[in-house]
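Subject: Structure handover

Dear colleague,

I am passing on to you the structure below, and I would be grateful if you kept it open while reading the notes that come after it.

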Amino acid sequence: MKHIAMFSGGIGSWAAAHRARERNPGEVIVLLFADTLIEDEDLYRFLIETAAQGAGVDAAELAAEALRLPGLARMDDRKAALAALARRSMERIPSLVWISEGRSPWDVFRDTRFIGNSRVDKCSQLLKRELLDGWRDTHLDPADTTVYVGIDWTEAHRFERLKVRFRGRWHVEAPMCEAPYQTKRDMLLAAQALGIRQPRLYALGFSHNNCGGFCIKAGHAHFANLLRTMPDRYAFHEQQEEALRGSLGDVAILNDRSGGGPRRPISLRAFRERVESGGSYDLFDYGGCGCFAGEDGTTRTGSDDAA
């Protein structure tokens, strides 16, 4: 039996892989990671550290290298550095499979001439779901493979949707939907007990550790937090959106319902200006990442990608 853990870099996917390892002593649990190329540098550190810890190897210098990756503004350099880091990490940790479609979400938006939003997630479809599905179909046989996902008991509905998407072809399990039940804090403490530092985005107030704090399914409160904690990163995404709006028109990631009336787009630039001027926004609209489980891209709930 082959054991494949869909690894997003979030604490939920780590906990699922760790529990799968505990329940299958002596078996190799392969971590399958789909890279969007805009992940937080500390996610790559967490990925390498946890994969190395599970495999019993030392990859400290690779984890340190992850923290020195070029920023989003140097995307060509970043892509080259990530490709090299992925190759060396897989050589050092054979149980890690690190794949990438080759494009970032903004590359996808430009190519499809469509900016993703909470209802339509071309980035998730192309850079996660279809990429991961293709890798499994090419390299694995459903007859002797168990797939593990990081969905936990608080979001069991996402697991049910995922099973429908897999259409019974693959045997899929969600270990964190089973007893003993753990909160996200429990999972973070379990990783800490093994000497693994938690991903920094959690400490910065983000509900998930995916796409470097950026997410097309996120809401006002999430983007306000991104602006507050990582203004340079917010500025990058604002610039990318503005460039596309120049050719696509009045479209945006976020929507606005202030003042009543129908929902209408609000650009990241307009949202930033509202926040900086002390204007009101939805303080409780965090949205969430659910790109691996979502079949039709309509997910707007969830706290951590299960991929």
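The model is a predicted one, in which local features need pLDDT of at least 70 and side-chain atom pairs count only at pLDDT 80 or more, while totals for chains, interfaces and linings use all residues. Residues are numbered from 1 along each chain as its sequence is written, and side-chain values use heavy atoms, with hydrogens and water left out.

Pockets

A pocket here is an open set of points on a 1 Å grid over the protein atoms alone, where a 1.4 Å probe fits, with protein on both sides within 12 Å along at least five of seven lines, and its lining residues have an atom within 4 Å of a point. Grid points are joined across faces, edges and corners, and a volume is the space filled by probe spheres set on the points.

The largest pocket holds about 270 Å³ of space and is lined by 16 residues, with His220, Asn255, Arg257, Asp282 and Asp285 lying nearest its centre. Strand β6 (residues 254-256) gives the most to this lining, with three residues; helices (H or I, at least four residues) and strands (E, at least two) are DSSP runs, numbered from the N terminus. By class, the lining has four nonpolar, five polar and seven charged residues, where Ala, Val, Leu, Ile, Met, Phe, Trp, Tyr, Cys and Pro count as nonpolar, Asp, Glu, Lys and Arg as charged, and the others, Gly among them, as polar.

The second largest pocket holds about 180 Å³ of space, and of its 12 lining residues Asp133, Arg136, Arg165, Phe166 and Arg167 lie nearest its centre. Both α6 (122-139) and α7 (156-166) supply at least two residues of this lining, the largest share, six residues, coming from α6. Its residues divide into two nonpolar, one polar and nine charged.

Leu37 is placed in the loop between β2 (29-34) and α2 (41-55), and because its relative accessibility is 5% Leu37 counts as buried (under 20% relative accessible area, with exposed over 50% and partly exposed in between, for a 1.4 Å probe and protein chains only). Leaving aside residues up to four places away in sequence, Leu37 touches residues including Tyr44, Arg78 and Leu82, a contact being heavy atoms within 4.5 Å.

Helices α2 and α4 (residues 75-92) pack at an angle of about 10 degrees, with their axes 12 Å apart; axes are lines fitted to C-alpha atoms, for helices over the stretch in contact, and angles run from 0 to 180 degrees between N-to-C directions. That makes α2 roughly parallel to α4, a term for angles under 35 degrees. Their contact is made by Glu41, Tyr44 and Ile48 of α2 together with Arg78, Leu82, Leu85 and Ser89 of α4.

Backbone details

Most residues other than glycine have a negative phi, and most peptide bonds are trans. Leu37, although not a glycine, has a positive phi of about 75 degrees, and Cys211, also not a glycine, has a positive phi of about 55 degrees. Cys211 lies in the loop between α9 (200-203) and α10 (220-229). A cis peptide bond, with omega about -5 degrees, joins Ala179 and Pro180.

With best wishes

Methods. Parallel < 35°, antiparallel > 145°, perpendicular 65-115°, else oblique.
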